[in-house]
Amino acid sequence: MFTRRDFLKTTAATGALAATSGLAAPAIAQDAAIKLGYVSPQTGPLAAFGEADKFVIDSFLSTTKSMGLNYEVVVKDSQSNPNRAAEVAKELIVDDEVNLILVASTPETTNPVATTCEAEEMPCISTVAPWQPWFIGQQGNPGDPASWKPFNYAYHFFWGLEDVIAVFTNMWSQIETNKKVGGLFPNDGDGNAWGDKVVGFPPVLEKMGYGLIDPGRYQNMTDDFSAQINAFKSGQCEIITGVVIPPDFTTFWNQAKQQGFAPKIASIGKALLFPQTVEALGNAGHNLSSEVWWTPSHPFKSSLTGESAAQVAAAFTKATNRPWTQPIGFAHALFELAVDVMKRAGDPADSDVVAQAIAATKLDTLVGPIAWDGKGLPPFAAKNIAKTPLVGGQWRLKDGGGYDLVITDNKTAPNIPVGGKMEAIG
Amino acid sequence: MNWLDTILQGVLLGGLYALFAAGLSLVFGIMRLVNLAHGDMIVLAAFLILVLVTTLGLNPFIAALIAMPLMFAIGWALQYFLLNRTLGKDILPPLLVTFGLSIVIQNGLLESFSADSRRVFAGSLESASVNLGPVTAGIMPLMTFFSAVTVIVCLNQLIYRTSVGRAFRATSDDPVTAGLMGIRPQRIFAMATGLAMVVVTIAALYLGTRANFDPTSGPS
């Protein structure tokens, strides 16, 4: 029962709480740090994408400190789960009251966060997801291009499906094959966009004379790929492509070997970006190929620290004792953009001013020049997307164990140097 | 030979599911207890094997041999101290308790191992295969299938040929009369769950080397 005494006790406690929070509030206001929210998958099946986050954020905070800038970063883990990503984005906006949200890695993370930001009128910079699944995936009706609307607060920089298709087909043309391609497209944001009959792989491959065998969408984290392997085998595919999450590719490749299926080329998005996935295959990872968005040999420099791509990668390896991964460059570039935008925006707390400052960006970052000027994009996406260069590469076994990513095709971005020619598997 | 291959791969995959089901039906058959946490126990055993493999650098098969008595002990204690108290005329309490157990195991694993998906590495055995004329079958799926057959044959022999098996059957038929004959149903139940956990460990070994698992993959 709620008695008079209870009432007095609770009100006293609440009063005390209000008094202390009242004391704390001015202290925060005086120390007007610019608060950045950062969302990425640090655990779960996509954890490899978030591996470099701690390193990037630590070095960002020490750099800004030495430059006399006052930044604070609130880091949230999406646990590779889109629902969780939307939830932490809300927390960042409502509880942490951040000034700008940065989000990275796969449509499963970027889309829910960008959509939440757009709805809450919170400026957001997003990266590491091809722009079609990001832009089209957030539309109310993805099937009807006439209804697509640009965003006012959400901005994205990365490459698009047209780039990855060009890169993959350029790589395949270096090797003699029967031009039969097997497609592994899962039922997620990326898989549906890559396998789409309008914007994805199928129409382009058909035009270029490749035969595509697409056994349909499968669930992520599946433990049996026999159906797909069987379809590829009976279709005599010599090329495998798709966009597979890292753990699934290990399962697929082992089962393909078990069932005696050996294609000449395997160009897989997402999974083969990471040395961990390739190392998990033992020696069977030799000559697998992937799209390459960033390597230490990319000829770009950080606008924040002046370091070259090679220096940043070397610093990562030194700090963590791990081989470099591609998201390092893009996570670094996110924070470069944040500092550049906040410098130009007069009031970091005014979301409209910040969003305008993002749109007006012209910055040479660690991943190349970024400007939301609509270059190389269809008109509907011109406002919110900026494109970065993409090339293709192959994993090669090193003599002392471990793998090296060698760039084997740069027709799409000739300023990035190649390191070798394509080789067939096996 | 497409259909032949499909059938073969399906049968081999069925071996894994037979292993999953063997433990579950053993528990259900003897004490009419539906263990909703069975999938999570498999994942728990897989993590146990993973820990043994990564910390001691053991072969996964040896790790599973070490994990079996541990899992037996866990199963025995679980049944003796917890699940036996829930058994009775009403079928709801054991359902609720195992449902809660499933949540406890999932979140406990999530807390200690994070949401990362893991797998147990079995070296070159993983991608090895044998050529059977028109079709090829992986060594690991074959081993899974034959382990499942062995486990089921062993359980069959145990239940029909040994005194423990006779006690199992008697308790399953009529626990009160079995009690009059000097069998303690509580002990028999604990023994059965322990045995089920040994089967679970074998299933976990093949699950962990075949595909990825994470703390929340138990119920699926």
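The radius of gyration is taken over C-alpha atoms, and the rule for a globule is 2.2 Å times the number of residues to the power 0.38. With 220 residues, a compact globule would by this rule have a radius of gyration near 17 Å, and the 18 Å of chain B agrees with that. This is a predicted model, in which local features need pLDDT of at least 70 and side-chain atom pairs count only at pLDDT 80 or more, while totals for chains, interfaces and linings use all residues. Residues are numbered from 1 along each chain as its sequence is written, and chains are lettered from A, with ligands numbered from 1, in the order in which they are written.

**Chain B**

The C-alpha trace of chain B spans about 60 × 40 × 30 Å along its principal axes. Chain B holds 8 helices and 2 strands, where helices (H or I, at least four residues) and strands (E, at least two) are DSSP runs numbered from the N terminus. From the N terminus on, the order of these elements is α-α-α-α-β-β-α-α-α-α. Of the 220 residues in chain B, 45% are buried, a residue being buried if 20 or more other C-beta atoms, placed from the backbone, lie within 10 Å of its own, exposed if 12 or fewer do, and partly exposed in between. Two residues are in contact if their C-beta atoms, placed from the backbone, lie within 7 Å; among contacts in chain B between residues at least 6 apart in sequence, 75% join residues at least 24 apart.

Helix α3 (residues 60-86) of chain B and helix α8 (residues 185-210) of chain B have axes that come within 7 Å and cross at roughly 145°. These axes are lines fitted to C-alpha atoms, for helices over the stretch in contact, with angles running from 0 to 180 degrees between N-to-C directions. The residues of the contact of α3(B) with α8(B) comprise 20 nonpolar, 8 polar and no charged, where Ala, Val, Leu, Ile, Met, Phe, Trp, Tyr, Cys and Pro count as nonpolar, Asp, Glu, Lys and Arg as charged, and the others, Gly among them, as polar.

**Contacts of chain A**

The contact between the chains takes 23 residues from chain A and 21 residues from chain B. On the side of chain A that touches chain B, α9 (226-234) and α10 (246-258) of chain A each supply at least two residues, and α10(A) gives the largest share, 7 residues. By class, this side of chain A has 5 nonpolar, 15 polar and 3 charged residues.

Chain A itself is divided into domain 1 (32-159 + 297-386) and domain 2 (162-292 + 390-409), with bounds that come from an automatic or database domain assignment. The centres of the two domains of chain A, taken over C-alpha atoms, are separated by 27 Å. Their contact takes 17 residues from domain 1 of chain A and 18 residues from domain 2 of chain A.

Most residues other than glycine have a negative phi.
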